[in-house]
Amino acid sequence: MRETISRDARLALDLALTVRHDGNGGVADDLTDPADLTAWVRAHPEALPAGARSRADDRGATPQPSDGDRHTAGADAQGMAPQPGDGDSGRQAAGFTADAAQLAAVRALRAAVRALFARAVRPGEPSPADAARLMPVPDAVRHLNEAAARTPTVPVLDWPEGVTPVVHRRPADAGDDLTASLAHAVIAFLASPDRDRLRACHAPRCVRYFLKEHPRQEWCKPSCGNRARVARHHQRHRTTA
């Protein structure tokens, strides 16, 4: 049976996966300039905090097509933001344009996320993309928490008639910081049971992290499994030759 993936887990994972194999034996970075971040956020409208989504909507933004390879829909309805791919959130994200400061902040957050992913998969090996240059874990935790604090939240009581009261948290102000919104999703993921399903794919030439969707899954996708089996076959033949 395949496990579902929560929205926070999917967003955190997709941020980490903007570092990927380039198909030629090296590593590619999908966030090298503000235009890259703009495209990524438009493909992940749930990453936008509420304030930014509202401003985009107020400007009367019209939808723009996103790169199909970069778009990944969320699996659950547990998060605070709309599902990626929803018509309203897509229209709101279409008006987003990143600047250099946002790019630098998101890239720094991504470095912290990948360091914490490497910790989460222990005792397994981290992704080879950055295993030799990971941010120290205490620095990564501090950076993540500082990024999340850029949008303070307040508790809000919700107590409908006939049900148990619950407390939600909402931004104390406009909540317009993209990096804080991403950091909140990462923290929610790392504190959830989904963290235990995180793995680094060690198929030849792959540098991806993934969440196991079923107990026997070893690779992030079938093509990686095929490459790994071929590599093992060749290794056995070299050993016996």
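The paragraphs below lead through the chain as a whole, then an aromatic cluster, a helix, a histidine and a surface patch.

This is a predicted model, in which local features need pLDDT of at least 70 and side-chain atom pairs count only at pLDDT 80 or more, while totals for chains, interfaces and linings use all residues. Residues are numbered from 1 along each chain as its sequence is written, and side-chain values use heavy atoms, with hydrogens and water left out.

The chain has eight helices and six strands. These elements are DSSP runs numbered from the N terminus, with helices being H or I of at least four residues and strands being E of at least two. Their order from the N terminus is α-β-β-α-α-α-α-α-β-β-α-β-β-α. Of the 241 residues in the chain, 41% are buried; buried means under 20% relative accessible area, exposed means over 50%, and partly exposed is in between, with a 1.4 Å probe and protein chains only. Contact means heavy atoms within 4.5 Å. Among the contacts in the chain with a separation of 6 or more, 66% are between residues 24 or more positions apart. The accessible surface comes to about 13,100 Å², and 51% of it belongs to carbon and sulfur atoms. Such areas come from the Shrake-Rupley method with a 1.4 Å probe, and for residues only the protein chains shown count as cover.

The structure holds two aromatic pairs. Rings of Phe, Tyr and Trp (its six-membered ring) pair if their centres lie within 6.5 Å; planes under 30 degrees apart count as stacked, over 60 as edge-to-face and the rest as tilted. The rings of Phe 117 and Phe 189 have centres 5.6 Å apart and planes at 75°, so this pair is edge-to-face. Because Phe 117 lies in helix α5 (residues 100-120) and Phe 189 in helix α7 (residues 178-190), the pair ties together parts that are 72 residues apart in sequence. Phe 117 is buried at a relative accessible area of 0%, and Phe 189 counts as buried at 1%. Phe 117 also forms an edge-to-face pair with Tyr 209, with 5.4 Å from centre to centre and 80° between the planes. Tyr 209 lies in strand β6 (residues 209-211) and Phe 117 in helix α5, so this pair ties together parts that are 92 residues apart in sequence. Tyr 209 is buried, at 0% relative accessibility. Phe 117, Phe 189 and Tyr 209 form one aromatic cluster.

Helix α1 (residues 7-16) has nine of its 10 residues buried, so the helix is largely enclosed by the rest of the structure. The buried residues of α1 include Leu 11, Leu 13 and Asp 14. They pack against β1, α2 (34-43), α5, α7, β5 (198-200) and β6.

His 21 lies in strand β1 (residues 19-21) and is buried, with a relative accessible area of 19%. A polar atom of the His 21 side chain lies 2.8 Å from the backbone nitrogen of Gly 23. The His 21 side chain also reaches the backbone oxygen of Arg 205 at 3.3 Å. Apart from neighbours within four places in sequence, His 21 is in contact with Gly 26, Ala 28, Arg 205 and Val 207.

On the loop between β3 (153-158) and β4 (166-171) lies Val 163, which is partly exposed with a relative accessible area of 44%.

Key: A polar contact is a pair of N or O atoms within 3.5 Å; within protein, one must be able to donate a hydrogen and the other to accept it, and residues adjacent in sequence count only if both atoms are side-chain atoms.
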